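Hello,

Here is the structure we talked about. Please open it first, then read my notes below.

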Amino acid sequence: MTRRLGGPGVAAAVLLAAIVAITLLAPLLAPYNPDLPDLFNALGGATAAHPLGGDALGRDVLSRLMYGARTTLLAPVLVICVASAAGTTLAIVAAWAGGKVDAVVSRLLDVLFSVPGIVFALVTVAVLGPGVPGVVIGLAVAYTPYVARVVRSAALRERGLPYVAAAWVQGRSATAICLRHLLPNLRPIIVAQSVSALGFAVIDVAAVSFLGLGVQPPTADWGLMVKSGLDSAMRGQPLEALSAGLLIALVVAAVNLLGDRLGRQS
Amino acid sequence: MRFLAKRLAGLVAVLLVASFLVYGLLYLVPGGPMAFLLGNRSGTPEQIAAIRAQYHLDDPFLVRYAAWLRDAVTGDFGTSLVYRQDVSALMASRATTTVFLVVYATLLIVTGGVAMGLLAGLRGGRADGVVTLVSSAFLATPPFVVGVILVIVFALGLGWFPVFGAGSGFGDRVHHLTLPAVTLSLASAAFLARVTRASVAEESGREHVETARSRGLAEGHIVRRHVLRNAAIPVVTVAGLNVAGLIAGSVVVESIFALDGLGSLFVRAILQRDFAIVQAVVLVLVTAFVLINLVVDLCYSALDPRLSRQ
């Protein structure tokens, strides 16, 4: 695994693992309660007590960043899990059935693919009201074609191989062949495509939270922190916006690199 | 011609489905359309009766949909419950900012992205390395983070550009919308640079280019006639798809820079549950996406006549 990912790939994986570990251990590691206002630290700069200063209410920025990774990362992971499951199912059904089913599914995926993900999220939020559930549902629909299109063409290729015909001749059912043989062989492609979609999902979820339609205050969330940090920056304290923004960029860069490496092997 | 007719039929089908979904969404809302149309306000019986009449809520669903669609096609999207104004008028007054922003960003993407990609693809070596590194960084940074950093550095720090607003008059508008347009274009320009680089590098190694070289044709001629023309097809696709993405991206950018465009109208409408505006903006956005896709397809067949004959 290490050799396959290469040096930068391992570095990216370690960085992501470290961020996940820190956010899971946030109750032990965070120097302050992330929701506790402290007027003496409002819009405070970097000090020994508060290495990244305070936000507009004086809450410790470092502690909020540690807790904030939870919604920032968990929501996109949820989006990609749903989208991968739905996309893979659609792709294998389309590739196996072929003909009209394939044509209809492919057209549907093309249409979904032509509308940017964030628009789906905004529409579902409009129906369900601001909050994480609406964002996750909308983006899961939006990312389904991203996985399905690639998996479908791989499944078509796989379906034409002799071992599938051999299993069919032996009287194996279509379900058994798809689940036992096709799915395991397609796994590297599904994983690679899902990881590279995850990078975009992190950006989209954070963007919707930034708009005020995703994660709701007072929950600590990196996207929301960029938003509230922008107000703080206008009042002379850019630390909150910059630290949260750079963390998002760092996570996306690491996920993209990982997806790229995984994609090269499959 | 048959190609165009087929594409147009597909376009109309997509728009019909989209409009049906957009209209149907109103009925998925917990509490039904009435809860949505009233939002958080509690209406008097007269107001409720007026809304029922305005939205024809007593007619069957399909009849209402047909009536709404007929009005929408003529540009009548009803009245906003929050602003108490015609939705089309509200959108028209804000469309200028959004269109200006998207066109400005498109120009930056096409010139910047293609120039960077050509530099990396034709020169290679160190130029290639620098372009690849810069484009990876730009691709990983979400637009709203880029925007906030640009505001902090160039508007609040250096004071070169205004923080808010869209400006009035052409020169003032360009000044006000420079940071937003740069914000909107960075990631797409980086992506376009990569695609341009890859496709130029691929075309330069093809047999017909080697043949042209061995026949001693001038390098400039080879690049223009043989490399760029073939390399243009993926570049046009990506540029076109990116413009569609820009329209969605402008929603976020308008929020950072407090611009009074369609995007900020949309976000406010979602928060205020002003459904007439939400429906209208989504329909306009989807129409814009499909139209851009159509233009991209037409560009393909102009660049590669084989495609339209299939």
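UniProt, in an unreviewed entry, lists residues 95-296 of chain B as "domain: ABC transmembrane type-1". Keep in mind that the model is predicted. Across residues 95-296 of chain B, the chain is 86% helix and 0% strand. The end C-alpha atoms of that span are 22 Å apart.

Chain A carries the annotation "domain: ABC transmembrane type-1" too, over residues 69-259, again from an unreviewed UniProt entry. That span of chain A is 86% helix and 0% strand. Its end C-alpha atoms lie 20 Å apart.

Chain A overall

Chain A has 10 helices and 0 strands. Along the sequence the pattern reads α-α-α-α-α-α-α-α-α-α. The C-alpha atoms of chain A fill a box of roughly 75 × 45 × 25 Å along the principal axes. Of its 266 residues, 50% count as buried. Take the contacts in chain A with a separation of 6 or more: residues 24 or more positions apart account for 68% of them.

One spot in chain A deserves a look. The peptide bond from Pro217(A) to Pro218(A) is cis, with omega near 10°. Pro218(A) sits in the loop between H8 and helix H9 (222-234) of chain A. For background, most peptide bonds are trans.

Chain B and its two domains

Chain B splits into domain 1 (2-73) and domain 2 (94-308). The centres of domain 1 and domain 2 of chain B are 33 Å apart, taken over C-alpha atoms. Their contact takes 14 residues from domain 1 of chain B and 13 residues from domain 2 of chain B. On the domain 1 side, H1 and helix H2 (32-38) of chain B are the elements that give two or more residues. H1(B) gives the most to that side, with 9 residues. By class, the domain 1 side divides into 11 nonpolar, 2 polar and 1 charged.

Helix H4 (residues 61-73) of chain B passes a simple length check. At 1.5 Å a residue, its 13 residues should span 18 Å, and its end C-alpha atoms are 18 Å apart, so the two agree. Just after H4(B), Gly75(B) takes a positive phi of about 90°.

Ala258(B) has a phi of about 50°, and Arg273(B) has a phi near 55°. Most residues other than glycine have a negative phi. Ala258(B) lies in the loop between H10 and H11 of chain B. Arg273(B) is in the loop between H11 and H12 of chain B. Are they buried or exposed? Ala258(B) counts as exposed, because it has 11 C-beta neighbours inside 10 Å and the cut-off for exposed is 12 or fewer. Arg273(B) counts as buried, because it has 21 such neighbours inside 10 Å and the cut-off for buried is 20 or more.

Where the chains meet

How many residues of each chain are in contact with the other? 35 residues of chain B are in contact with 32 residues of chain A. On the chain B side, several helices each supply at least two residues. They are helix H1 (2-25), helix H6 (125-140), helix H7 (143-157), helix H10 (219-256), helix H11 (262-271) and helix H12 (275-303). By class, the side of chain B that touches chain A has 30 nonpolar, 5 polar and no charged residues.

The core

The largest nonpolar core has 164 residues. Leu139(A), Tyr143(A) and Val281(B) touch the most other members. Helix H8 (residues 174-210) of chain A provides the largest share of this core, 19 residues. The core also draws at least three residues from each of domain 1 (2-73) and domain 2 (94-308) of chain B.

Which residues is Tyr143(A) in contact with, leaving aside its neighbours within four places in sequence? They are Val79(A), Ile80(A), Ala83(A), Gly117(A), Ala197(A) and Ala201(A).

Best wishes

Conventions:
Residues are numbered from 1 along each chain as its sequence is written. Chains are lettered from A and ligands numbered from 1 in the order in which they are written. This is a predicted model: local features need pLDDT of at least 70, side-chain atom pairs count only at pLDDT 80 or more; totals for chains, interfaces and linings use all residues. A nonpolar core is a set of buried Ala, Val, Leu, Ile, Met, Phe, Trp, Tyr and Cys residues joined through C-beta atoms within 7 Å. Helices (H or I, at least four residues) and strands (E, at least two) are DSSP runs, numbered from the N terminus. Domain bounds come from an automatic or database domain assignment. Two residues are in contact if their C-beta atoms, placed from the backbone, lie within 7 Å. UniProt positions are given in the numbering used here, feature names are shortened, and annotations may be inferred rather than shown by experiment. The expected span of a helix is 1.5 Å times one less than its number of residues. Ala, Val, Leu, Ile, Met, Phe, Trp, Tyr, Cys and Pro count as nonpolar, Asp, Glu, Lys and Arg as charged, and the others, Gly among them, as polar.
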